[in-house]
Amino acid sequence: MQQQNKTTRKILPWILAVGIVSCAILYYHFDPAVYQFFPKCPFLSLTGLQCPGCGSQRAVHAILHLNLKEAFTYNPLLVISIPYILAAMLFYTDFAKKRWPKTRTIFFGYRAILIVLGVIILFAIFRNF
């Protein structure tokens, strides 16, 4: 059982990396605003209101083309959160977990999760006004 856990811990980052790169290639070559095979937001379809993630697919496409201004118009929260997402990827590594445990707890602990959740909820509310 423990050997399986070690193997999973070694393979999982590679699987995630392949998935991320594959999605990046897809979003780089195909604009979600043009191609219909990208999923539509079910929350927007049902309510007519934008969820916090609405516009993220188009924003990712714009970011991959280094057009941050356009990406910001699609989903400002996604663009602003890029440094936080990159830091989360760094703090996922064993090196960072061991080297900076207090910093990791401050930025990714229970309180931080509540703050991020609050920001997402406030963003969802204010973007629909």
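Me: Does Tyr92 count as buried, partly exposed or exposed, and why does Tyr92 fall in that class?
Reply: The model is a predicted one, and the values given here are computed from it. Tyr92 is found in the loop between α6 and α7, the latter covering residues 94-99. Buried means under 20% relative accessible area and exposed means over 50%. Because the relative accessibility of Tyr92 is 43%, Tyr92 counts as partly exposed.

Me: Which element gives the most to the nonpolar patch on the surface?
Reply: The patch is formed by Ile11, Leu12, Ile15, Leu16, Ile20, Ile85, Leu86, Met89 and Tyr92, which together have about 840 Å² of accessible area. Two helices, α1 (2-29) and α6 (82-91), each supply at least two of the residues in this patch. With five residues, the element that gives the most to the nonpolar patch is α1.

Me: How many nonpolar, polar and charged residues are in the lining of the largest pocket?
Reply: The largest pocket holds about 480 Å³ of space, and its lining includes Cys23, Ala24, Tyr27, Val60, Ile63 and Leu78. The elements that give two or more residues to this lining are α1, α3 (56-64) and α6. Sorted by class, the lining has no charged residues, no polar residues and twelve nonpolar residues.

Me: Which element gives the most to the lining of the second largest pocket?
Reply: The second largest pocket has a volume of about 370 Å³, and among the residues that line this pocket are Arg9, Pro13, Ala88, Thr93, Asp94 and Lys97. Two or more lining residues come from each of α1, α6 and α7. By class, the lining has seven nonpolar, one polar and three charged residues. The element that gives the most to this lining, with five residues, is α1.

Me: What percentage of the residues of the protein chain count as buried?
Reply: The protein chain has nine helices and zero strands, and its C-alpha atoms fill a box of roughly 45 × 35 × 30 Å, taken along the principal axes. A residue counts as buried when its relative accessible area is under 20%. Of the 129 residues of the protein chain, the share that counts as buried is 18%.

Terms used:
Residues are numbered from 1 along each chain as its sequence is written. This is a predicted model: local features need pLDDT of at least 70, side-chain atom pairs count only at pLDDT 80 or more; totals for chains, interfaces and linings use all residues. Side-chain values use heavy atoms; hydrogens and water are left out. Patches are made of residues with over 30% relative accessible area and no salt bridge: like charges are joined within 9 Å, nonpolar side chains (Val, Leu, Ile, Met, Phe, Trp, Tyr) within 5 Å. Accessible areas come from the Shrake-Rupley method with a 1.4 Å probe; for residues, only the protein chains shown count as cover. A salt bridge is a side-chain nitrogen of Lys or Arg within 4 Å of a carboxyl oxygen of Asp or Glu. Helices (H or I, at least four residues) and strands (E, at least two) are DSSP runs, numbered from the N terminus. Buried means under 20% relative accessible area, exposed over 50%, partly exposed in between (1.4 Å probe, protein chains only). On a 1 Å grid over the protein atoms alone, a cavity is a set of points where a 1.4 Å probe fits but cannot get out, and a pocket is an open set with protein on both sides within 12 Å along at least five of seven lines; lining residues have an atom within 4 Å of a point. Grid points are joined across faces, edges and corners, and a volume is the space filled by probe spheres set on the points. Ala, Val, Leu, Ile, Met, Phe, Trp, Tyr, Cys and Pro count as nonpolar, Asp, Glu, Lys and Arg as charged, and the others, Gly among them, as polar.
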